[in-house]
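Let's take a friendly walk through the side chains of a protein. Have a look at the sequence and the 3D view below, then read on.

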Amino acid sequence: MEEMLLFGNILHDPKPPRKYRKRLLTLDDLTDKELRARYRFGRNSIIRITDIVRKDIEHPTQRSQSLSAEMQVLVALRFFACGGFLQVVGDTLGIDKSTVSRCVQKVSDALNAKADQFIKWPSVQRKEDIKQGFFDNGKFTNVVARWPGSVHDSHIMRCSQVCTHLEESHLSVQDGLILGDSGYACRSFLMTPYLRPTEPCHEKFNKAHMKTRCCIERTFGWWKKRFNCLHQGIRMHPEKVCKIIMACAVLHNLAIEMKEPMDEYDNEIVNNDDLNIVFRGPDEGRIVRDHIARGFFS
């Protein structure tokens, strides 16, 4: 009888109240410098990013102390900025690992859905401005984040919408050129350096090519410095990784648009020349390259 009463008491004992950890997510107690050190964006920029994704991530109710849109953006930015493990980010901010994962996924999905608004191929007028030197230094105009790391750069380029667009619309040098390293095929619209220069104009062409292409190499360095998760490696399913990469690209363009400073982490320049296998195949752009070298660098 006593055992049955004890068993009955156990069954009818109320559940202990749910415990919530103290959340260390706030904009009010930190200066812009402290915010940038933690989230890579100042107060006004964080507010704008939140407004961009608010409708996609905001909870309809505040049940179970759900995170506000601002808090979810801070969690995602913290992960993008420092990388590492979700558990560590959660412990730092006073939230559970699963909550960090959901915030990163929701914010990444929301930014991916709006990528076309912030990553744009230049218009005709914009191309003219770029050729005159009036361009946003370090801004991405096209990002492809869906291929495994083992796929060669040249193959990704051949399968991209950019390549299709240039093949159909590029008619002459006056239409502009894009630059690539020796891992790409030399095309009429894509100039690569001379592997074995035999004339002084080839040397001068290579030097000018290297100086001009440093812009994108520097941009990769800034990008990885600003969002350290890209530098450390992301330990997630490849589909999620692709979305995070695209989200970081959108945020990078937003940072430039909002004039977020890079002075604390702008010294690293990544050179990918050694990472590319030299392209072996038809180089239909050699005649154009020779014309440019002899016409402008002789």
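## Starting at one residue

Ile 47 has its place in helix α3; helices (H or I, at least four residues) and strands (E, at least two) are DSSP runs, numbered from the N terminus. Before going further, note that this is a predicted model, in which local features need pLDDT of at least 70 and side-chain atom pairs count only at pLDDT 80 or more, while totals for chains, interfaces and linings use all residues. Residues are numbered from 1 along each chain as its sequence is written, and side-chain values use heavy atoms, with hydrogens and water left out.

Is Ile 47 buried or partly exposed? With a relative accessibility of 39%, Ile 47 counts as partly exposed. The cut-offs are these: buried means under 20% relative accessible area, exposed over 50%, and partly exposed in between (1.4 Å probe, protein chains only). Ile 47 and Glu 70 are 23 residues apart along the chain, and their C-alpha atoms are separated by 7.4 Å.

## Rings that pair

A pair of aromatic rings is described by the distance of the centres and the angle of the planes. Here, rings of Phe, Tyr and Trp (its six-membered ring) pair if their centres lie within 6.5 Å; planes under 30 degrees apart count as stacked, over 60 as edge-to-face and the rest as tilted. Searching the whole structure gives six aromatic pairs.

One of them joins Phe 41 and Phe 227: the ring centres are 6.4 Å apart and the planes stand at 35 degrees, so this pair is tilted. It links distant parts of the chain, with Phe 41 in the loop between α2 (32-39) and α3 (43-57) and Phe 227 in the loop between α11 (200-226) and α12 (228-232), 186 residues apart. Phe 41 and Phe 227 are both buried.

Another pair is made by Phe 140 and Trp 223, whose ring centres are 4.8 Å apart with planes at 65 degrees, so the pair is edge-to-face. This pair also links distant parts of the chain: Phe 140 is in the loop between α8 (124-131) and α9 (153-158), and Trp 223 is in helix α11, 83 residues apart. Phe 140 is buried at a relative accessible area of 8%, and Trp 223 counts as buried at 10%. Together with Phe 220, Phe 140 and Trp 223 form one aromatic cluster.

## Charges over rings

A charge sits over a ring if NZ of Lys or CZ of Arg is within 6 Å of the ring centre and within 35 degrees of the ring normal. The charged end of Arg 235 sits over the ring of Phe 85, at 4.6 Å from its centre. Arg 289 lies over the face of Tyr 194, 4.2 Å from the ring centre.

## Salt bridges

Side chains of opposite charge can pair when their charged atoms come close. A salt bridge is a side-chain nitrogen of Lys or Arg within 4 Å of a carboxyl oxygen of Asp or Glu. How many salt bridges does this rule give? The count comes to eleven salt bridges, and the table shows some of them.

| Salt bridge | Closest N and O atoms |
|---|---|
| Lys 243 and Asp 109 | 3.2 Å |
| Arg 294 and Glu 199 | 3.0 Å |
| Arg 213 and Glu 217 | 2.6 Å |

Lys 243 is in helix α13 (residues 238-257) and Asp 109 is in helix α6 (residues 97-113), so this pair links distant parts of the chain, 134 residues apart. Lys 243 counts as partly exposed at 37% relative accessibility, as does Asp 109 at 28%.

Arg 294 belongs to helix α14 (residues 286-296), while Glu 199 is in the loop between β2 (190-191) and α11, 95 residues apart. Arg 294 counts as partly exposed at 45% relative accessibility, and Glu 199 counts as partly exposed at 28%.

Arg 213 and Glu 217 are four residues apart in helix α11, which separates them by about one helical turn. Arg 213 counts as buried at 9% relative accessibility, and Glu 217 counts as buried at 6%. Elsewhere, a network of salt bridges links Asp 51, Arg 54, Glu 58 and Glu 70.

## The nonpolar cores

A nonpolar core is a set of buried Ala, Val, Leu, Ile, Met, Phe, Trp, Tyr and Cys residues joined through side-chain atoms within 4.5 Å. The largest one has 50 residues, and those with the most contacts inside it are Phe 41, Phe 79, Phe 80, Phe 227, Cys 229 and Leu 251. Two or more residues come from each of α2, α3, α4 (69-82), α5 (86-93), α6, α7 (115-118), α12 and α13. Which element gives the most to this core? That is α13, with ten residues.

Phe 227, from the tilted ring pair, touches Phe 41, Phe 80, Ala 81, Cys 248, Leu 251 and His 252, not counting residues up to four places away in sequence; contact means heavy atoms within 4.5 Å. A second, separate core has seven residues, including Cys 186, Tyr 194, Phe 205 and Ile 292.
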